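Dear colleague,

The sequence and the model follow directly below, and after them comes an account of what was found.

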Amino acid sequence: MTKPAAGRGGRRYALLLALWDSEYAKEVYGGYYNVFVAAFGDVSGGTDERWDCFRVIAGEFPAPEDLASYDGFVVSGSPHDAHGDEPWRRRLCALVQTVHAMRKRVLGICFGHQVLCRALGGRVGRARNGWDVGVRKVTFAPELLEGRLEFLGGLVEDDLPRSAALIEVNQDEVWEIPPAATVLVYSEKTRVEVFAVGERALGIQGHPEYTFDILHNLIDRLTNQRAIRRSGGRLAFWTALCKGFLGGGGDRTQPALPVMRGTVAPEVTSCAVAGCGFTSAAAMIQLARSN
């Protein structure tokens with residue numbers, strides 16, 4: 001668990017790593033913790049902040065009594081699927097349910113996007129169109145974002161492109177969005193590239209934290225493992241969007257916000273049955289205490 005020093009009054013974030021560091025990430029970046037903090041850190045433009053890292057794949061989780069001290073949580077990608085029933089995955093779903101009920105900001109990336117969906121009542125599974133690896137063009141739904149961009153850190157409609165490039169490395173996808181969720185971005189291959197639940201939960205199917213060299217290394221490894229066929233910098237728009245979302249979570253006394261609603265992208269439905277099966281905050285916290 002990594003706990004950098006923080007200034008007094010600074011924001012505090014929990015990075016929930018659902019993967020092990022690759023040899024490349026360790027050699028070039030010192031591990032995925034540094035990749036995420038380089039991409040999403042300094043969300044408030046100069047205010048001291050602290051990022052605590054928990055290797056949830058190894059059973060490291062924040063203590064229940066510490067959850068209230070965090071402004072936001074980031075759930076990373078993973079080579080594992082989000083629809084499995086291993087104890088650490090169920091425990092992660094329970095944690096996401098708990099902090100969402102506490103009105104904390106939760107950002108899910110790839111696997112984390114799918115865990116967020118599952119934990120909040122949607123359904124996930126294998127991508128119907130198979131692996132998606134590379135840089136994909138995704139399309140925004142401006143009619144669903146109109147007047148609702150404040151939760152992305154003050155992004156204004158003039159700043160929102162009709163489409164943008166996003167790094168993708170995944171073989172799973174969201175099948176049904178959670179109740180009250182809205183699809184904000186979609187692509188020809190994946191109908192749910194980005195979704196939001198209210199103004200405190202944001203899931204992104206792609207990898208805004210990746211640099212192109214990390215992507216190329218992953219492609220090499222997946223090719224060598226025969227998982228896929230082989231068919232410069234970071235995409236700055238996405239890191240700015242994620243930082244804006246996380247930066248909106250600093251006011252712990254903010255009153256309840258209305259749930260975002262709207263028409264979803266074609267053929268995307270919502271499901272009222274939670275994939276993790278936990279219904280009360282007390283049960284979630286109890287599970288978070290257990291091994």
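Helices and strands in this message are DSSP runs numbered from the N terminus, a helix being a run of H or I with at least four residues and a strand a run of E with at least two. In that sense Arg123 belongs to strand β5, which covers residues 123-126. The C-alpha atom of Arg123 is separated by 6.7 Å from that of Ile177, although the two residues are 54 apart along the chain.

Please keep in mind that this is a predicted model, in which local features need pLDDT of at least 70 and side-chain atom pairs count only at pLDDT 80 or more, while totals for chains, interfaces and linings use all residues. Residues are numbered from 1 along each chain as its sequence is written, and side-chain values use heavy atoms, with hydrogens and water left out.

Overall composition

The protein chain comes to 8 helices and 12 strands. Of its 291 residues, 53% count as buried, where buried means under 20% relative accessible area, exposed means over 50%, and partly exposed lies in between, all with a 1.4 Å probe and protein chains only. By that scale Arg123 is partly exposed, at 34% relative accessibility. The chain exposes about 12,800 Å², of which carbon and sulfur atoms supply 48%; accessible areas come from the Shrake-Rupley method with a 1.4 Å probe, and for residues only the protein chains shown count as cover.

The sheet

An open sheet is formed by 9 strands in the order β2-β1-β3-β4-β11-β10-β9-β6-β7, with mixed pairing; two strands are taken to pair if DSSP finds at least two bridges between them. Because β2 (49-55) and β7 (163-170) stand at the edges with a single partner strand each, one side of each is left without a neighbour in the sheet. Neighbouring strands are turned against each other by 25° on average, direction ignored, with axes taken as lines fitted to C-alpha atoms (for helices over the stretch in contact) and angles running from 0 to 180 degrees between N-to-C directions.

Helix α3 (residues 87-101) touches β1 (11-17), β3 (72-75), β4 (105-109), β10 and β11 (201-204), and its direction makes about 155° with that of β3. Helix α4 (residues 111-119) touches β3, β4, β10 and β11, with its direction at about 125° to that of β4.

As for individual pairings, β1 runs parallel to β2 over 7 bridges, with Glu49 in β2 as the bridge partner of Arg11. Strand β1 is also joined to β3 by 4 bridges, again in the parallel sense, and there the bridge partner of Leu15 is Val74. Strand β1 is mostly covered, since 6 of its 7 residues are buried. By contrast in sense, β9 (residues 181-186) and β10 (residues 194-197) pair antiparallel over 4 bridges, and Thr182 stands opposite Ala196 in β10.

Salt bridges and cysteines

There are 11 salt bridges in the structure, each being a side-chain nitrogen of Lys or Arg within 4 Å of a carboxyl oxygen of Asp or Glu. One of them joins Lys26 to Glu23, with the closest N and O atoms 3.1 Å apart; both residues lie in helix α1 (residues 23-29), 3 residues apart, or about one turn of the helix. Lys26 is partly exposed at 40% relative accessible area, and Glu23 is exposed at 58%.

Arg89 and Asp81 meet in a salt bridge of 3.3 Å, N to O, and here Arg89 is buried at 7% and Asp81 is buried at 17%. Arg118 and Asp85 form a further salt bridge, at 3.0 Å from N to O. Since Arg118 lies in helix α4 and Asp85 in the loop between β3 and α3, this pair ties together parts that are 33 residues apart in sequence. Arg118 is buried, with a relative accessible area of 5%. Arg12, Arg50 and Asp52 are linked in a network of salt bridges.

Finally, the count of disulfides comes to 0, a disulfide being a pair of cysteine sulfur atoms within 2.5 Å. Among the cysteines, Cys93 is buried at 1% relative accessible area, and Cys117 is buried at 0%.

With best regards

Note on methods. Contact = heavy atoms within 4.5 Å.
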